[in-house]
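Trainee: I have a model open in my viewer, and I would like to learn how to read its features. Could you walk me through it?

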Amino acid sequence: MGDVAEPLIVAEHIDKVYEMPGGSLKQVLHGIDLSVREGEVLAVLGPSGSGKSTLLRIIAGLVAPTRGRVVRRGAMAERGESGVAMVFQSFALFPWLTVQENVELGLRAQGLGPEERQERALRAIDMIGLDGFEGAYPKELSGGMRQRVGFARALVVDPDVLLMDEPFSALDVLTAENLRRDLLELWLERRIPTKAIVIVTHSIEEAVYLADRAVVLSRDPAEVLADVPITLPHWRDREDRRFAGLVDQIYSLLTRRAPEPATGQARRRPDPVPPVRSGLLNGLVELLEDAPREDIYRLGEELQFEIDDLLPVVEGLELLGLARVQEGDIELTEIGRRYAAASLLERKEIFRTQALERCLQLAQIARVLGQKANGRMNREFFVDALEQNFGEEEAERQVDTLIDWGRYAELFAYDQESRQLYLEREEAARAPAGAEERED
């Protein structure tokens with residue numbers, strides 16, 4: 001919409017670091033530079049846990065950056081100032097207030113009188129398609145209608161920039177599509193007051209459908225991988241090869257693995273193990289067995305997987321050396337093809353070999369158990385060890401995944417009742433207790 005104008009918002013060199021339990025630090029964002037221009041819809045994409053929502057809250061002034069600054073209209077942004085409004089994934093409505101009262105909240109904070117609040121709230125409610133529900137309470141509304149209230153509440157304060165944090169992800173597919181189209185129609189017809197929209201989304205297709213530009217973030221910590229212009233005219237056809245090409249381009253960016261550091265350079269902390277169970281890894285291998293090369297976007301459509309569902313499976317196969325990703329396509333490696341054709345026992349042997357060679361965390365668990373006289377260790381020991389790098393919640397997820405992989409590979413067993421990992425007789429014989437320490 002329109003020519004490129006002076007940015008409404010500029011985020012400069014944004015870092016965000018959180019202190020974790022035990023005093024360790026976790027950096028979520030690193031050196032983020034981002035601009036929001038008048039007349040555009042900007043999508044922010046990245047893997048799950050990449051800090052997208054944290055970045056949006058920093059832009060909104062709800063969270064302070066550790067380093068860097070946010071500039072609005074050429075001046076430093078102040079916490080709580082007007083000019084931006086936010087729509088949340090979880091609707092964030094007050095259940096004891098009516099639709100109209102929820103929409104009036106921002107106007108009340110601006111100090112407007114009752115008559116003006118009512119007039120503007122009713123106008124926003126009508127614009128967003130909820131006329132007739134002014135006196136209803138949130139519990140009387142469907143999920144789509146509750147999110148429309150969220151949109152009306154944000155738009156009624158006439159923000160320069162509308163910020164949206166995965167606003168459609170809590171809705172069913174048809175409701176989300178309907179609301180997405182209605183919002184885009186209001187934007188294209190200039191019936192809403194906002195001058196720009198920023199949407200955080202986990203859906204590449206949604207970004208290509210709505211946005212004029214997509215900023216793609218990496219993970220651990222998040223950095224800007226690419227700023228992709230989306231110049232297709234509206235309304236956009238998902239079957240258009242140009243649409244599919246843009247989706248493929250962004251998929252390719254998101255599945256690109258960071259290069260290994262050069263010899264002599266310090267290694268970064270170990271990458272997290274993708275949170276995916278061995279059964280899903282095997283399922284994707286079997287799907288790929290008869291396809292020499294598969295488009296990840298089309299594969300996701302076929303499986304009805306969003307990017308946050310599919311990427312961990314793809315990353316897991318890459319980590320194990322069973323598949324490779326190039327230009328948005330995935331194919332089995334030579335080892336992956338042998339794995340696909342193998343018997344169950346042969347698969348377990350290949351999985352075990354690849355996991356011990358390529359998954360540092362799993363090899364360390366096997367080594368620790370092999371060094372114990374009784375071959376046992378409490379789960380909490382491994383959670384505490386990983387927590388230093390990943391934080392408590394992520395460390396729990398990591399150990400869940402590692403236990404699943406280790407059990408499938410018959411590296412060790414797990415007793416849920418005692419919460420102990422342990423070696424059985426055959427596993428103890430295979431444990432790499434005397435192996436040399438791997439470099440960190």
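Mentor: Happy to. Let us begin with a loop residue: Arg 419 is found in the loop between β15 (413-415) and β16 (420-422). Keep in mind that this is a predicted model.

Trainee: What is the phi of Arg 419?

Mentor: The general idea comes first. Most residues other than glycine have a negative phi, and most peptide bonds are trans. Here, phi of Arg 419 is near 55 degrees, a positive value in a residue other than glycine.

Trainee: Is Arg 419 buried or partly exposed?

Mentor: Arg 419 counts as partly exposed, because its relative accessibility is 31%, and that class runs between 20% and 50%.

Trainee: You mentioned peptide bonds. Which residues does a cis peptide bond join here?

Mentor: His 234 and Trp 235 are joined by one, with omega about 0 degrees. To find the place, look in the loop between β10 (224-229) and α7 (241-254), where Trp 235 lies.

Trainee: Now the whole protein. How many helices and strands are there?

Mentor: The protein has 16 helices and 16 strands. Of its 440 residues, 52% are buried. The accessible surface comes to about 21,300 Å², and carbon and sulfur atoms account for 46% of that surface.

Trainee: What share of the contacts with a separation of 6 or more comes from residues 24 or more positions apart?

Mentor: Those residues account for 70% of such contacts in the protein.

Trainee: Next, helix packing. How do I describe two packed helices?

Mentor: You give the angle between their axes and the distance between the axes. Take helix α14 (residues 379-390) and helix α15 (residues 392-408): their axes come within 8 Å and cross at roughly 130 degrees. That angle makes α14 oblique to α15, and the crossing of the two is right-handed.

Trainee: Which residues make the contact of α14 with α15?

Mentor: From α14, they are Arg 379, Phe 382, Val 383, Leu 386, Glu 387 and Phe 390. The α15 residues include Ala 395, Gln 398, Val 399, Leu 402 and Ile 403. By class, this contact has 8 nonpolar, 1 polar and 6 charged residues.

Trainee: At what angle does helix α13 pack against α15?

Mentor: Helix α13 (residues 360-371) packs with α15 at an angle of about 70 degrees, with the axes 10 Å apart. That makes α13 roughly perpendicular to α15. The α13-α15 crossing is right-handed. On the α13 side you will find Gln 361, Leu 362 and Ile 365, which meet Gln 398, Leu 402, Trp 405 and Gly 406 in α15. The residues of this contact divide into 4 nonpolar, 3 polar and no charged.

Trainee: And how do the axes of helix α12 and α15 cross?

Mentor: The axes of α12 (residues 344-358) and α15 come within 9 Å, crossing at roughly 130 degrees. So α12 is oblique to α15. Leu 344, Arg 347, Lys 348 and Phe 351 of α12 make the contact with Trp 405, Arg 407 and Tyr 408 of α15. Sorted by class, the contact has 4 nonpolar, no polar and 3 charged residues.

Trainee: One last residue, please. Where is Leu 303 found, and what does it touch?

Mentor: Leu 303 belongs to helix α9 (residues 296-303). Not counting residues up to four places away in sequence, Leu 303 touches Leu 287 and Leu 310. The C-alpha atoms of Leu 303 and Leu 284 are separated by 10.0 Å, and these residues are 19 residues apart along the chain. At 27% relative accessibility, Leu 303 counts as partly exposed.

Note on methods
Residues numbered from 1 in each chain as written. Predicted model: local features only at pLDDT ≥ 70, side-chain atom pairs only at ≥ 80, totals over all residues. Heavy atoms only, no water. Helix = DSSP H or I, 4+ residues; strand = E, 2+ residues; numbered from the N terminus. Buried < 20%, exposed > 50% of the residue type's maximum accessible area, 1.4 Å probe, protein only. Contact = heavy atoms within 4.5 Å. Areas by Shrake-Rupley, 256 points an atom, 1.4 Å probe, with all protein chains shown as cover. Axes fitted to C-alpha atoms, helices over the stretch in contact; angles between N-to-C directions. Parallel < 35°, antiparallel > 145°, perpendicular 65-115°, else oblique. Left-handed = near helix turned anticlockwise from the far one by under 90°. Nonpolar A, V, L, I, M, F, W, Y, C, P; charged D, E, K, R; others polar.
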